[in-house]
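Take a walk through this model, one site at a time. Keep the sequence at hand.

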Amino acid sequence: MFGLIGHSSSFRDARLKARDLGLEELAEGELDLWCSAPPQLVETFELTSATGQTIQGTYIDSCFVPEMLSRFKTATRKVQNAMELAQKKGINITALGGFTSIIFENFNLAKFQQIRATLLQWERFTTGNTHTAWVICRQVEQNAPRLGIDLTKAKVAVVGATGDIGSAVCRWLSRRTGVAELLLVARQQQRLEDLRQELGGGRVLSLEEALPEADVVVWVASLPQTLSIEAESLRKPCLMIDGGYPKNLDTRVASEHVTVLKGGIVEFVRDIGWQMMEMAEMSNPRRQLFACFAEAMLLEFEGWHTNFSWGRNNITLEAMEQIGAASIRHGFSALGLEPVEAPAIALVA
Amino acid sequence: MASSVLAPTAEEIPDFSTEAYKSAYSRINAIVIEGEQEAYDNYLSLVTLLPDQQESLGQLARMELKHMKGFQACGKNLGVEPDMAFAKTFFAPLHNNFETALAEGKVVSCLVIQALMIEAFAIAAYHIYIPVADPFARKITEGVVKDEYTHLNYGQEWLKARFEDVRGEIEQANKINLPIIRRMLDQVADDAAVLHMEKESLIEDFLIAYQEALMEIGFASRDLARMSAAALVA
Ligand SMILES: NC(=O)C1=CN([C@@H]2O[C@H](COP(=O)(O)OP(=O)(O)OC[C@H]3O[C@@H](n4cnc5c(N)ncnc54)[C@H](OP(=O)(O)O)[C@@H]3O)[C@@H](O)[C@H]2O)C=CC1
Ligand SMILES: [Fe+2]
Ligand SMILES: [Fe+2]
């Protein structure tokens with residue numbers, strides 16, 4: 001059994017979801033009420049790999065919403081309680097989706113292993129970031145050429161470059177893909193400088209400086225709100241891969257020469273018998289899902305019951321290759337711009 | 001960076017010697033003592049409805065009596081006189097519902113009130129109290145909370161074994177009594193805050209223990225959210 005810990009992308013969405021489930025009191029409740037809501041086991045479902053192997057999974061909603069980020073204790077409890085529930089249910093490997101892993105890292109929750117009567121076993125959890133980083137890189141490699149962007153000549157901006165996913169993406173794009181230049185964007189300068197040293201290249205720029213120069217922009221910043229930017233100031237063509245959850249980028253930026261692709265999303269070969277992805281606004285919710293969730297599925301398929309992605313800045317190119325090979329083997333593909341008839345792209349004309 | 005609720009730093013430990021702390025403690029300590037006393041009475045009364053369970057129920061009751069004495073010692077240790085009159089009023093609505101169910105021979109309702117709700121309430125409160133308690137009380141409470149899990153488990157297993165027959169009455173007892181639990185949580189919130197116990201996490205922890213029991217008994221996850229909504233709405 002694998003598990004997925006997720007949350008709504010906003011308080012508004014969480015209320016809508018509650019209404020859909022017939023929970024009027026919750027739907028009408030204020031944020032304070034949600035701060036006291038315990039994690040919920042939403043559903044259990046089956047999944048069959050391209051190899052024919054079938055596994056079972058459980059989705060847990062932590063009842064966290066990004067509006068709780070400023071409430072340290074609340075956000076902490078949401079993550080710890082959801083993890084405790086997953087472990088108590090005997091789940092082998094659970095992905096910490098969306099802000100779950102970011103809260104875990106930023107609030108240093110590895111220090112607090114004892115939750116009530118449960119001693120959390122870290123090897124039962126994964127951030128899913130290795131697979132997410134691999135998928136995002138693949139999305140860059142597969143889709144830039146389709147827009148006529150030659151990556152060996154292209155400048156790729158990574159917004160959130162020093163993050164766990166961002167730094168892995170930078171490593172891969174510079175060593176494996178061989179992009180012409182990386183533009184590194186984040187707020188803390190020292191970490192940017194350290195990353196640049198490690199990569200042996202790249203330019204540290206502010207977001208405003210980087211955007212007009214970039215042929216490809218990878219968004220992997222942990223922003224609780226989406227940003228609006230001016231399409232006119234961007235290069236033509238420009239590929240934007242938005243890996244944030246919630247989205248880092250307002251999709252209204254999409255125009256004739258700016259293509260926005262949902263980042264860190266995979267499509268599975270078969271329908272999955274679940275409901276929850278409809279809430280995450282996937283265009284094909286029976287088959288599309290977050291790459292971090294898919295990582296838990298891959299670890300269960302392979303029997304790699306270990307915290308494959310853990311901590312910060314530990315993602316190696318070898319691990320990305322390993323999870324990438326498993327991803328292909330079991331029937332996942334990175335969301336792309338084609339085929340055109342499938343409504344798989346977040347393109348707003 | 002601030003620290004977790006589950007492992008507070010020194011600054012989060014209250015000053016046990018202030019008048020404000022002692023005043024709040026006189027009510028909270030009384031509630032706990034009264035709660036343990038009533039738990040003792042309730043388990044013993046249940047023997048009249050479940051004669052074959054005399055031994056187990058007697059065992060649970062004895063543990064509750066031990067808990068009560070432990071908490072009386074905690075009050076003494078801080079030089080606080082528990083306000084027992086306040087605690088009796090605090091428990092009255094739930095106590096009356098238990099007595100009514102007992103008189104009507106409704107063993108399921110009695111178990112929902114005592115073994116699920118009151119035990120889950122106690123587990124939540126003790127868990128949140130332990131990190132901010134004085135060293136004497138912490139030790140006692142740590143021992144108590146382990147016992148309370150076995151009590152919750154007792155009710156849970158009894159109801160689980162008869163799930164199809166008892167689910168209707170569990171839902172009914174839930175509907176009648178959960179709003180009372182919520183009002184009790186609201187009433188105790190200000191005093192609990194003085195002890196550095198937050199209402200937000202008290203409600204959450206109560207629901208975690210309560211929902212887990214309901215799930216074990218046989219309710220589906222959808223039922224849980226619906227059944228526990230009353231605890232979230234003031
Ligand atoms: N699709 C999927 O399956 C998954 C998606 N995600 C999403 O990917 C994103 C990144 O995750 P992860 O790498 O774990 O996060 P991290 O917290 O490790 O990294 C976040 C990065 O964003 C930077 N950042 C934060 N705020 C800003 C800002 N205002 N402007 C510029 N840079 C900023 C941080 O640097 P600094 O603080 O110095 O600014 C850091 O480089 C998140 O949105 C997450 O939800 C995560 C997992 C899976
Ligand atoms: Fe007790
Ligand atoms: Fe008890």
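Which residues coordinate the iron ion (ligand 3)? This is a predicted model. In it, the donors are Glu64(B) (OE), Glu119(B) (OE), Glu119(B) (OE), Glu148(B) (OE) and His151(B) (ND1). They sit at 2.0 to 2.3 Å. Along the chain, the donors follow the spacing E-x54-E-x28-E-x2-H.

Glu64(B) belongs to helix H2 (residues 54-78) of chain B, and Glu119(B) to helix H4 (residues 107-129) of chain B, so the pair ties together parts that are 55 residues apart in sequence. Glu64(B) is buried, with a relative accessible area of 0%. Glu119(B) is buried at 1%.

Now turn to chain A. Strand E2 (residues 40-48) and strand E3 (residues 54-61) of chain A pair in the antiparallel sense, over eight bridges. Thr48(A) has Thr54(A) in E3(A) as its bridge partner. Five residues lie between the strands of this hairpin. Among the hairpin's residues, Gly52(A) takes a positive phi near 100 degrees.

The last stop is His7(A). It lies in the loop between strand E1 (2-6) and helix H1 (11-20) of chain A. His7(A) is buried, with a relative accessible area of 3%. A polar atom of its side chain lies 2.8 Å from the backbone nitrogen of Phe99(A). Leaving aside neighbours within four places in sequence, the contacts of His7(A) include Tyr59(A), Asp61(A), Phe99(A) and Tyr245(A).

Conventions: Residues numbered from 1 in each chain as written. Chains lettered and ligands numbered in written order. Predicted model: local features only at pLDDT ≥ 70, side-chain atom pairs only at ≥ 80, totals over all residues. Heavy atoms only, no water. Donors = N, O, S within 2.8 Å, 3.2 Å for Na, K, Ca; no water. Helix = DSSP H or I, 4+ residues; strand = E, 2+ residues; numbered from the N terminus. Buried < 20%, exposed > 50% of the residue type's maximum accessible area, 1.4 Å probe, protein only. Pairing = 2+ DSSP bridges. Polar contact = N/O pair within 3.5 Å; in protein donor to acceptor, adjacent residues only side chain to side chain. Contact = heavy atoms within 4.5 Å.
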